[in-house]
Amino acid sequence: MTRLKDIAKACKSKNAGPFHITLDIMFDDPKLFERVRATGVIRAELIAQLYGVPAESVQFTEYPPALAWKATIARRIPSGAIGDTDIYGAQQHAPLLDIEVPIQAS
Amino acid sequence: MSQTNHEVRMMSASGILGYGFPEASLNAALERKPHMIGVDGGSSDPGPHYLGSGKTLNSRLAMKRDLSLLLRGAIKNGIPMMVGTCGGAGGEPHLQICADIIREVAKEHGLSFKMALIHAEQDKGFLLEQLNAGKLRPLGNAPQLRAQDIEGAERIVGMMGPEPYRRALAEGAQVILGGRGTDPAPWVALAMHHGVPEAPAWYAGKMLECACNAAIPKKHDCLLVTVGEDFVQAEPLNPELRCTPMSVAVQALHENASPVIRYEPGGVVHSEHCSITAVTDRVVRITGMQWKPAPYTIKLEGARRVGFSAFTIAATRDPGLIGQIDSFLDFVRESTATKVKALGLSTDDYQLVLRVYGRDGVMGAWEPSKDAKPIEVSLIAEVVATTQEIANAALSLARVTLLHSDFPGRMCREGNMAFPFSPSDVERGAIYEFMLQHVIEIDDPLTMFPIDYETVGAAA
């Protein structure tokens, strides 16, 4: 098992408008991207589980041109509303870092 | 401006007006004889404060520096200069401050030109009519809008498409300042003004909206895009930066729900079948984008005032308190409520929000590691209330309760919290929230965005 933070180039989060957060997982090595892709681990259901939201509410896109996956979910609290903790949504990526991928790191 | 040039060169100065860009990059752009230079001015990203309060995101000084360089470059070269979503939020006060800066720069440098101001702030009466006519509908899971939501809003703007910019270009405006718009709108308008079809025009606009976000290494710098009948070509103007197929593809991920489908007024940009290839090691060509027309809609953005806020920052290094922080904070909430009631106020008059930094201050309920054992934690105690006076009063009571309350095993009876500041309590003033996730169906894309023209500078 390998953790995503040890093999991905980026795991990041950002607002997609005031009501949604988008999560990007990116690689810089096409072969490694394909190996991870072949495991089938990175999918909408996993994102749903990590963030405690229903799987059908995750907008999920595999995006090979950037060797990336993108998932978009509704914010817990709209950007800047009472109780929000992250106006830009740029620090909600931590759960992605520990995703376990069943490959051997080379 | 009626040439039928099918290769149109457009420049974007930086991610947002006021972020700054190297003057050398602007000069490099001008040497390439672009058909326009421009910059996007806004975003909803910094939160609802700017739309609600009418204040600008970036300072007047920083916006003036950028606008002065762009304006002088445009006038000297006889090309249009356009700014989208002026002042950060694109409301009327934001548009007016940018117009003031332009007039000031024109005066300082003796420049004269025709300027268009495109207004995006919406009249509540118009919106209520549209609501009653069933023309206003929610996006996704947003709730149906009620008349009182519109009436209670501080400010509502529509996100214009390229049409008002095209109209202003056709009317001969050289400087065009837009209120709130979809980010690519100014460049889409210019490209279409020169006969470029929707698909490459929109793709080019999307590349340009964040300037060198589409290049590596990431910097606030200028991007040049050449767009034609069936292609878009991107290159940074700073020789130290490069566009690569990967950096261009990555731009599609930026702040979008989907990297391949983008909803815009009047249609959808599809880039599932794009081919992205390197022309040189710094220049990338993209082909295969598609535009699928859809009924014309304008997205609305609105902010409403939710109250007045005051906050204080405190921290504890006491392991006994950290070990029972949740029950302690429950006690603080209850005890504060009792004291607030004693002032003759109701618990409906205020909300106490406690954020625990060092534990889940950043992610709240999404924090996956709730069992971590921090050696110190910081608290931000915030009160949002119906008036500033109540916010200050309730915060003051919450602060003293945090500082001087007993808990089981308390070792330091002198105080539970380290406060870094005196005064400890900070007034934040009126605070706002975004309240619209809705679109309006409109037949004529120009009706919601009136344009004013003026001749700036000395009469010719």
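Which residue with a positive phi follows helix 8 of chain B? That would be Gly195(B), where phi is near 95°. Before going further, some ground rules: this is a predicted model, in which local features need pLDDT of at least 70 and side-chain atom pairs count only at pLDDT 80 or more, while totals for chains, interfaces and linings use all residues. Residues are numbered from 1 along each chain as its sequence is written, chains are lettered from A and ligands numbered from 1 in the order in which they are written, and side-chain values use heavy atoms, leaving out hydrogens and water.

Let's stay with helix 8 of chain B for a moment. Helices (H or I, at least four residues) and strands (E, at least two) are DSSP runs, numbered from the N terminus. Helix 8 covers residues 185-193, and nine of its nine residues are buried, so it is largely enclosed by the rest of the structure. Buried here means under 20% relative accessible area, exposed means over 50%, and partly exposed is in between (1.4 Å probe, protein chains only). Among the buried residues of this helix are Trp187(B), Leu190(B), Met192(B) and His193(B). And what covers them? The cover includes strand 1 (8-12), strand 2, strand 3, helix 7 (163-170), helix 9 and strand 8 of chain B.

Now for how some helices of chain B pack. Two packed helices are described by the angle between their axes and the distance between the axes. Axes are lines fitted to C-alpha atoms, for helices over the stretch in contact, and angles run from 0 to 180 degrees between N-to-C directions. Take helix 3 (residues 60-77) and helix 4 (residues 92-109) of chain B: their axes come within 9 Å and cross at roughly 55°. That makes helix 3 of chain B oblique to helix 4 of chain B. As for the labels, angles under 35 degrees count as roughly parallel, over 145 as roughly antiparallel, 65 to 115 as roughly perpendicular and the rest as oblique.

Helix 3 of chain B passes helix 4 of chain B in a right-handed crossing; a crossing is right-handed if the near helix is turned clockwise from the far one by less than a right angle, and left-handed if anticlockwise. On the helix 3 side, the residues that meet helix 4 include Met63(B), Leu67(B) and Leu71(B), and their partners on helix 4 include Ile101(B), Val105(B) and His109(B). Contact means heavy atoms within 4.5 Å. The residues of this contact between helix 3 and helix 4 of chain B divide into nine nonpolar, two polar and six charged. In that sorting, Ala, Val, Leu, Ile, Met, Phe, Trp, Tyr, Cys and Pro count as nonpolar, Asp, Glu, Lys and Arg as charged, and the others, Gly among them, as polar.

Helix 3 of chain B also packs with helix 1 (residues 23-31), at an angle of about 20° and with the axes 11 Å apart. That makes helix 1 of chain B roughly parallel to helix 3 of chain B. Here, too, the crossing is right-handed. Glu23(B), Leu26(B) and Leu30(B) are what helix 1 brings to the meeting, with Leu69(B) and Leu70(B) among the residues of helix 3. This contact of helix 1 with helix 3 of chain B has four nonpolar, two polar and two charged residues.

Next, a few backbone spots. Most residues other than glycine have a negative phi, and most peptide bonds are trans. Lys33(B) is not a glycine, yet has a positive phi of about 50°. Lys33(B) sits in the loop between helix 1 and strand 2 (36-40) of chain B, and at 54% relative accessibility counts as exposed. Thr85(B) has a positive phi as well, near 45°. This residue lies in the loop between strand 3 (81-84) and helix 4 of chain B, and at 0% relative accessibility Thr85(B) counts as buried.

There are cis peptide bonds to look at, too. One runs from Ile216(B) to Pro217(B), with omega near -15°, and Pro217(B) is in the loop between helix 9 (198-208) and strand 8 (223-227) of chain B. Another joins Ser422(B) and Pro423(B), with omega about 0°.

Finally, chain A. This chain has four helices and six strands, and 51% of its 106 residues count as buried.
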